[in-house]
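This report concerns the packing of aromatic side chains in a predicted model. Please examine the structure shown below before reading on.

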Amino acid sequence: MKIAIINGPNLNLLGKRETDIYGNMSFDNFLDLLKTKYPKIIFSYFQSNVEGELVNEIQRAGFEQDGIILNPAGYTHTSVSIGDAVAAVPAPVVEVHISNVHAREDFRKLSHVSGKSAGSIFGLGLKGYELAVEYLASVSEKEGKG
Ligand code: DQA
């Protein structure tokens with residue numbers, strides 16, 4: 001099966017950025033671990049700091065891949081267009097946040113993506129991406145896509 005991981009702004013700085021909140025591991029290192037753990041899954045990875053590029057990638061991946069794991073980062077709380085893109089594509093989307101957005105500032109409690117997603121995971125660190133893979137793999141197995 002094919003899973004697209006799409007990360008939004010500032011997640012290119014994981015491992016260097018606010019490490020007390022987001023941890024010490026870079027996403028590239030984490031992705032290597034994920035690929036080793038799930039050798040049968042074909043992962044594509046895209047990160048952008050630009051809203052429209054994220055919309056383009058959701059549209060592209062959403063008609064091609066079996067599932068999307070999406071962390072829209074700060075755009076979660078502001079972008080109607082990213083929420084619309086999630087609603088527009090047939091692939092199931094799992095929204096992931098590394099930090100517990102509900103335990104932080106009030107503006108982080110609003111998500112334009114949650115209501116359009118298959119489900120959301122937040123506050124479990126990078127483990128959230130792994131749990132999203134497990135979910136998408138189980139859905140794909142049920143549909144016989146292996
Ligand atoms: C985040 C939470 C967002 O509120 C924040 O703007 C981010 C990262 C997370 O993964 O915890 O950049 O999406």
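With a relative accessibility of 6%, F30 counts as buried (buried means under 20% relative accessible area, exposed over 50%, and partly exposed in between, with a 1.4 Å probe and protein chains only). F27 is also buried, at 3%. Both residues lie in helix α2, 3 residues apart, which is about one turn of the helix; helices (H or I, at least four residues) and strands (E, at least two) are DSSP runs, numbered from the N terminus.

Because the model is predicted, local features need pLDDT of at least 70 and side-chain atom pairs count only at pLDDT 80 or more, while totals for chains, interfaces and linings use all residues. Residues are numbered from 1 along each chain as its sequence is written, and side-chain values use heavy atoms, leaving out hydrogens and water.

The structure holds 4 aromatic pairs. Rings of Phe, Tyr and Trp (its six-membered ring) pair if their centres lie within 6.5 Å; planes under 30 degrees apart count as stacked, over 60 as edge-to-face and the rest as tilted. Two of the pairs are given here.

| Pair | Centre distance | Plane angle | Class |
|---|---|---|---|
| F27 and F30 | 5.5 Å | 55 degrees | tilted |
| F27 and Y45 | 4.8 Å | 20 degrees | stacked |

F27 lies in helix α2 and Y45 in strand β2, so this pair ties together parts that are 18 residues apart in sequence. Y45 is partly exposed, with a relative accessible area of 29%. Ring pairs link F27, F30, Y45 and Y129 into a cluster.
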